[in-house]
Every structure is written in structure tokens, then in C-alpha cells.
Amino acid sequence: MKLGAIEAGGTKFVCAVSDENITIEDRTQFPTTTPEETMAQVFTYFEQHPVDAIGIGSFGPVSLNEEADNYGFITNTPKLAWKNYDFLGAMKAHFDIPFYFTTDVNVAAYGEYKAGAGRGKQNILYWTVGTGVGASYLQNGGFLQGYSHPEMGHILLRHDPRDHGFEGVCPYHGDCFEGLAAGPSIEKQFGKKGNEIDPSDEFWEIEANYIAQACVNATLILRPDIIIFGGGVMKQSQLFPQIQKEFVKQLADYVDFPEISNYIVHVELGDDAGITGALMLAKKATE
Ligand code: ADP
Ligand code: ZN
């Protein structure tokens, strides 16, 4: 059996093929331009590399409500060429095989759950802090899904007084979690990228405060077994002890949680999480 994966990001698409043990046999990537151009490359790739099922993790928002007319669409994206694009429908029109369609964040979370930092845990919360902030919660192997998928990257937080009331950069909310803590927010405040800011800069304590608040809220709402962080900004490894310390302080012994150094942790699969998860979900689609 051959499995296929598509990690459809806002800047690039990654396509890969594996055997049934998720050993990757081929992979390629191309830039995300228009659906006409980019999807033509996807179709050609899987015509040249036939597979038995494909797992898709797409940038979004996407419609995951199977009852809705727009199930499998990319919906209200700021990338206008992709707005209301029937991603899953286009794939089904080209390939008569099973698909698993979900968000880019969900596939990465699934990879970490099965083969990364969440191995052996039942209930995992996965956050990515990069160009945006995304989140995924898996309970007993299933994605948390209500009316649609959660959007925990846009929760509202208290300002750290040291940010001097920074207005944030989220186009919808200004100073939501993503608007305060994702990469573009750091660039707006400093005029340079996060990787150019000294790890000892006080800014990282402010960043840790926001991320810790998100962990407190998520702990109170979801009570996960583990909280896993990935994404470019989280490559700043000094953040982890700062977040852990701040989290313990803010939660103030109200509820218990696993040993802190095993509770708020970095991803293990890194950049491979998304493709690995998508391949595993392709396999699930065949079962
Ligand atoms: P994306 O979210 O687009 O999939 P990433 O997770 O790599 O991609 O996130 C990119 C963002 O992370 C950019 O805003 C970039 O400036 C920031 N970033 C990347 N590496 C680092 C780093 N080492 N330290 C801090 N910020 C970083
Ligand atoms: Zn927002």
C-alpha cells in the first residue's frame, strides 16, 4: 500500500509518498500561488506517484463540517485566490481514493501524538507559534471538533504591562494571542525578526507571559495530558523554562497538572510533523 500526504501551507505545498509503515519514499514542494497553478502541480505529482489514500492538512480556515455544503473548502482566507476554494472536491474529481481532510495544524498535532512528544498520551494540546498561532486538541485520538475546528490562536489575553499597550497585529482582533505573540508581532515591535533578538532580551519574558496565559486558559478548559509547542518562534529554547515558571505562578495551585517539565514541551518531529501526521491520517482513511 502507498500513502500520500499534502501539507498545504500559506507559503508552500509539500507533497509526499510513503509505504504503509510511513517510511517516506519521495517528497517535493512548490510555492503556494493560485489554485490553478499550485493544484496542477499536486495533480501531476500524484499522477506520477499513485497512492491508495491521501491525507491533507490545509491552511485555513477550512470547513470540516461534513453536513455543510462547503465541507472540504478553504473558506475565509486572506489569501484571496484561495477564498472559497473546494480543495477536497478538486482532489476527489482527480483521484478516486479515500481522503482525510483537515487543517495543517491538525496534521502536525496528529504526527506529534502518534510519533512525537505526545506518544503514549491520550489528550494532547498542540500549539504552533510561527507566522500565526494555531492549535489542535486531540482527545483519545480524535480531533476536537464542534461547529467547526477550534481557533485557539485568537484567544484574548491580558496585556503584559511591559509591552506598553502594544496594539497587536491580528487583522481581526489586534491584540489577541496571535496578534501579540506570533512572528509578525515580534517584527512589528522590534523592526527585526525573532531570530535576530538576543535570547537574554527581556522581550522573551513578555512573550513567555503570553504563552503561559494561553497554557493556563487551555489547562482550565481542556485539562490536557501534555501541551506541545512547535513553530518558528518556539525555536527560542529559553522560552520553555520561562513559560513553565510563569504558568505555575499564574495557575496558582488552583488545579493539578503533570510534572511541569513534562507538561509544557517542545515538539519532537520538528518540520516533519505535518507530513508524518498527514500520512498517518491517509492510512486511517483506508481503515
Ligand atoms: P509558518 O508559521 O509560516 O508555517 P514558521 O513556523 O517557521 O512558519 O514560523 C515563521 C515565523 O517564525 C516567522 O515570523 C519567523 O520570523 C519566526 N521565526 C523563525 N525562526 C525563529 C527563531 N529562531 N526565533 C524566533 N522567531 C523565529
Ligand atoms: Zn486574532
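Mentor: A pocket is an open set of grid points with protein on both sides within 12 Å along at least five of seven lines. In this predicted model, the second largest pocket has a volume of about 240 Å³.

Trainee: Which of the residues that line the second largest pocket are the closest to its centre?

Mentor: There are 13 lining residues, and those closest to the centre are Leu-64, Glu-66, Tyr-71, Tyr-100 and Phe-101. To count as lining, a residue needs an atom within 4 Å of a grid point of the pocket.

Trainee: How do the residues of the lining divide into nonpolar, polar and charged?

Mentor: Seven are nonpolar, five are polar and one is charged.

Trainee: Which strand gives the most to the lining?

Mentor: That's strand E7, residues 99-103, with four residues.

Trainee: How do you know that the second largest pocket lies between domain 1 and domain 2?

Mentor: Look at who supplies the lining. Domain 1 (3-107) and domain 2 (119-267) both give residues to the lining, so the pocket lies between them.

Trainee: How many residues of domain 1 are in contact with domain 2?

Mentor: 10 residues of domain 1 are in contact with 12 residues of domain 2, where contact asks for heavy atoms within 4.5 Å. The C-alpha centres of the two domains lie 27 Å apart.

Trainee: Now for single residues. Why is Thr-103 called buried?

Mentor: Buried means under 20% relative accessible area. Thr-103 has 7%, so it passes that test. You'll find Thr-103 in strand E7, and among the residues it touches are Val-62, Leu-64 and His-149.

Trainee: What does the side chain of Thr-103 reach?

Mentor: It reaches the backbone nitrogen of Asn-106 at 2.8 Å. The limit for a polar contact is 3.5 Å between N or O atoms, and the pair from Thr-103 to Asn-106 comes in at 2.8 Å.

Trainee: What makes Trp-82 count as buried?

Mentor: Set its value against the cut-off again: Trp-82 has 0% relative accessibility, so it counts as buried. Trp-82 sits in the loop between strand E5 (73-74) and strand E6 (85-86).

Trainee: Which residues does Trp-82 touch, not counting residues up to four places away in sequence?

Mentor: The list includes Phe-13, Pro-35, Met-39, Phe-59 and Ile-74, plus several Thr residues such as Thr-33. Thr-33 turns up again in a polar contact, where its backbone oxygen is 2.9 Å from the side chain of Trp-82. Sequence distance and space distance are separate things, by the way: Trp-82 and Glu-36 are 46 residues apart in sequence, and their C-alpha atoms are 9.7 Å apart in space.

Trainee: Why is His-266 called partly exposed?

Mentor: Partly exposed covers the range between the buried limit of 20% and the exposed limit of 50%. His-266 has a relative accessible area of 36%, so it falls in that range. His-266 lies in strand E12 (residues 264-266) and touches Ala-117, Ile-228, Phe-229, Met-234 and Phe-240. Its side chain also reaches the backbone oxygen of Met-234 at 3.5 Å.

Trainee: What is the phi of Asn-140?

Mentor: Asn-140 has a positive phi of about 50°, although it is not a glycine. Here's the background: most residues other than glycine have a negative phi. Asn-140 is in the loop between strand E9 (133-139) and strand E10 (142-143).

Trainee: How do you know that Asn-140 is exposed?

Mentor: Exposed means over 50%. Asn-140 has 55%, so it is exposed.

Trainee: Where is Gly-141, and what is it in contact with?

Mentor: Gly-141 is in the loop between E9 and E10. Leaving aside neighbours within four places in sequence, Gly-141 is in contact with Tyr-110, Tyr-113, Gln-122 and Lys-284. At 10% relative accessibility, Gly-141 counts as buried.

Trainee: What is the phi of Arg-223?

Mentor: Arg-223 also has a positive phi of about 50° without being a glycine. Its place is the loop between helix H6 (203-222) and strand E11 (226-230). With a relative accessible area of 39%, Arg-223 is partly exposed.

Trainee: Is the peptide bond from Gly-60 to Pro-61 cis or trans?

Mentor: It is cis, with omega near 10°. Most peptide bonds are trans. Pro-61 is in the loop between strand E4 (53-58) and E5.

Terms used. Residues are numbered from 1 along each chain as its sequence is written. Chains are lettered from A and ligands numbered from 1 in the order in which they are written. This is a predicted model: local features need pLDDT of at least 70, side-chain atom pairs count only at pLDDT 80 or more; totals for chains, interfaces and linings use all residues. Side-chain values use heavy atoms; hydrogens and water are left out. On a 1 Å grid over the protein atoms alone, a cavity is a set of points where a 1.4 Å probe fits but cannot get out, and a pocket is an open set with protein on both sides within 12 Å along at least five of seven lines; lining residues have an atom within 4 Å of a point. Grid points are joined across faces, edges and corners, and a volume is the space filled by probe spheres set on the points. Helices (H or I, at least four residues) and strands (E, at least two) are DSSP runs, numbered from the N terminus. Ala, Val, Leu, Ile, Met, Phe, Trp, Tyr, Cys and Pro count as nonpolar, Asp, Glu, Lys and Arg as charged, and the others, Gly among them, as polar. Domain bounds come from an automatic or database domain assignment. Buried means under 20% relative accessible area, exposed over 50%, partly exposed in between (1.4 Å probe, protein chains only). A polar contact is a pair of N or O atoms within 3.5 Å; within protein, one must be able to donate a hydrogen and the other to accept it, and residues adjacent in sequence count only if both atoms are side-chain atoms.
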